[in-house]
Amino acid sequence: MQTTERTTDESGTGRRPVLRFGLQIARFDYPGVGPHQLFDRVTDIARTAEEAGFDSIWAQDHFYQAPVPGIGWQADEPVLEPYTMLAALAARTSRVRLGTTVTGVTYRNPALLAKTVSTLDVISGGRAVLGIGAAWHEEEHTGYGYDYPPDAERLSRLEEALRICRPMFRDERPVFTGEYYRVDGAVNSPPPLAPGGPPILVGGSGEKRTLRLVARYADACNLFGDLDTVRHKLKVLDGHCETENRDPAEITRTKMSCLLINESDAEARRRYDEMGAAMGDWAPMLGGMAMAGSPDRIAEQVAEYFEAGLDGLVFYLPDTHDLDTVRMAGETLVKHFGGL
């Protein structure tokens, strides 16, 4: 199977795409694994993913397990703080990029966030990515004592954070006073190793503001939805790029997807149907949330999204603890589509 791939050379930007295939490590309640063995298992997952061809490892920026309809996650499941985990993985991996999908802007002062991601970039040898979004998990905010502002304010905070992080990555010592954040000649030393600083990925699909922020500030976006939704969102993004006088080819276009892969197509589909039944009223969302099937069938579904205009995907595997499944997923993707 062949697919069309947009490269940095074709776009003329000279920047490496932010990702082609990423693996999100989002769950930590591994069977038979207690706290003392937990990070060793996370390391095994990350190394297996790297060896199998995934080009990036992603953490969720959550302190409670994020509820996902049909998957059955519980708020009191174990969760590792993402930037601590990514920094530790930086020392145990050699090639994969490392980031969050995505940092909630409400959780961290933007200047401190820029410092944190810059430190991750130095530790990893230039492999950090800043994934950032407007945050959404209200229960988590309440539990940890964070304010949960209305959508409009969170998006305004996101824009201010982007205006602080980018110049700090470039060691520009920005002076900025916004409605919510301020910096006064913020020093960021040592600076990141990546030229121009770590890539910035903005997560979310809001058409009026989020995708406009992507066009104005980001190196990548991360969307949600089925094929028709993705096609539509990318057209909206193109419109914002035209308004912002931005070359759309500079932006790596990605989406999140749950991946149910099995040598038996029937077994993968059985699990997909089981998940749909558990989702109840949320079941219509499943087509945009998950891919299911044998390796060849998964390749066909991925190709459809690339043909729709995506450059990459970030996958969550319900069986992430199963290293054979992680290996099968990575090798399938690389076999059919290659890597970065």
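Predicted model: local features only at pLDDT ≥ 70, side-chain atom pairs only at ≥ 80, totals over all residues.
Biologist: At what angle do the axes of helix α2 and helix α12 cross, and are the two helices roughly parallel or roughly antiparallel to each other?

Modeller: Helix α2 covers residues 35-52 and helix α12 covers residues 323-337, and their axes come within 8 Å. The axes cross at roughly 25°. Angles under 35 degrees count as roughly parallel, and α2 and α12 are therefore roughly parallel to each other.

Biologist: Which residues make this contact, and how do they divide into nonpolar, polar and charged?

Modeller: The crossing of α2 and α12 is right-handed. On the side of α2, the contact is made by D44, I45, T48, A49 and A52, and on the side of α12 by L323, V326, R327, G330, E331 and V334. The residues of the contact of α2 with α12 divide into six nonpolar, two polar and three charged.

Biologist: How is helix α7 placed against helix α8, oblique or roughly parallel?

Modeller: Helix α7 spans residues 210-217 and helix α8 spans residues 227-243, with their axes 9 Å apart. The two pack at an angle of about 50°, and the crossing is right-handed. The angle makes α7 oblique to α8.

Biologist: Which residues of α8 does α7 meet?

Modeller: The contact of α7 with α8 includes six nonpolar residues, one polar and two charged. From α7 come L211, R212, V214 and A215. In α8 they meet K233, V236, L237, H240 and C241.

Biologist: Why is α7 described as largely enclosed, and what covers its buried residues?

Modeller: Seven of the eight residues of α7 are buried, so this helix is largely enclosed by the rest of the structure. The buried residues are T210, L211, R212, L213, V214, A215 and Y217. What covers them includes α6, β8, β9 (220-223) and α8.

Biologist: Which residues of the largest nonpolar core touch the most other members, and which element gives the largest share of this core?

Modeller: In general, nonpolar side chains in soluble globular proteins tend to be buried together. Here the largest nonpolar core has 79 residues, and F21, F54, I57, L130, I132, V302 and F315 touch the most other members. The largest share of this core, eight residues, comes from α6.

Biologist: Which residues is F54 in contact with, leaving aside its neighbours within four places in sequence?

Modeller: F54 is one of the core residues that touch the most other members. Leaving aside its neighbours within four places in sequence, F54 is in contact with F21, G22, L23, A49, R95, V96, F315, V326, A329, G330 and L333.

Biologist: How many residues are in the second, separate core?

Modeller: The members of this second core include A26, M279, A290 and Y316. This separate core has eleven residues.

Biologist: Where is T332, and is it buried or exposed?

Modeller: T332 is found in helix α12. Not counting residues up to four places away in sequence, T332 touches I261 and P295. T332 and S294 are 38 residues apart along the chain, and their C-alpha atoms are separated by 9.6 Å. With a relative accessible area of 7%, T332 is buried.

Biologist: What does P167 contact, and is P167 buried or exposed?

Modeller: P167 is found in helix α6. Leaving aside its neighbours within four places in sequence, P167 is in contact with L162, E172, R173 and P174. Buried means under 20% relative accessible area. At 12% relative accessibility, P167 counts as buried.

Biologist: What is the value of phi in A135 and in R173?

Modeller: A135 is found in the loop between β5 (130-133) and α5 (138-144), and A135 is buried, with a relative accessible area of 15%. R173 lies in the loop between α6 and β6 (175-177). Neither residue is a glycine, yet phi is positive: about 70° in A135 and near 50° in R173.

Biologist: What is omega in the cis peptide bonds from T101 to V102 and from S189 to P190?

Modeller: V102 lies in the loop between β3 (97-100) and β4 (103-104), while P190 lies in the loop between β7 (182-184) and β8 (200-203). For the cis bond that joins T101 and V102, omega is about -10°. For the cis bond from S189 to P190, omega is near 5°.

Methods:
Residues numbered from 1 in each chain as written. Heavy atoms only, no water. Axes fitted to C-alpha atoms, helices over the stretch in contact; angles between N-to-C directions. Helix = DSSP H or I, 4+ residues; strand = E, 2+ residues; numbered from the N terminus. Parallel < 35°, antiparallel > 145°, perpendicular 65-115°, else oblique. Left-handed = near helix turned anticlockwise from the far one by under 90°. Contact = heavy atoms within 4.5 Å. Nonpolar A, V, L, I, M, F, W, Y, C, P; charged D, E, K, R; others polar. Buried < 20%, exposed > 50% of the residue type's maximum accessible area, 1.4 Å probe, protein only. Core = buried A, V, L, I, M, F, W, Y, C linked by side-chain atoms within 4.5 Å.
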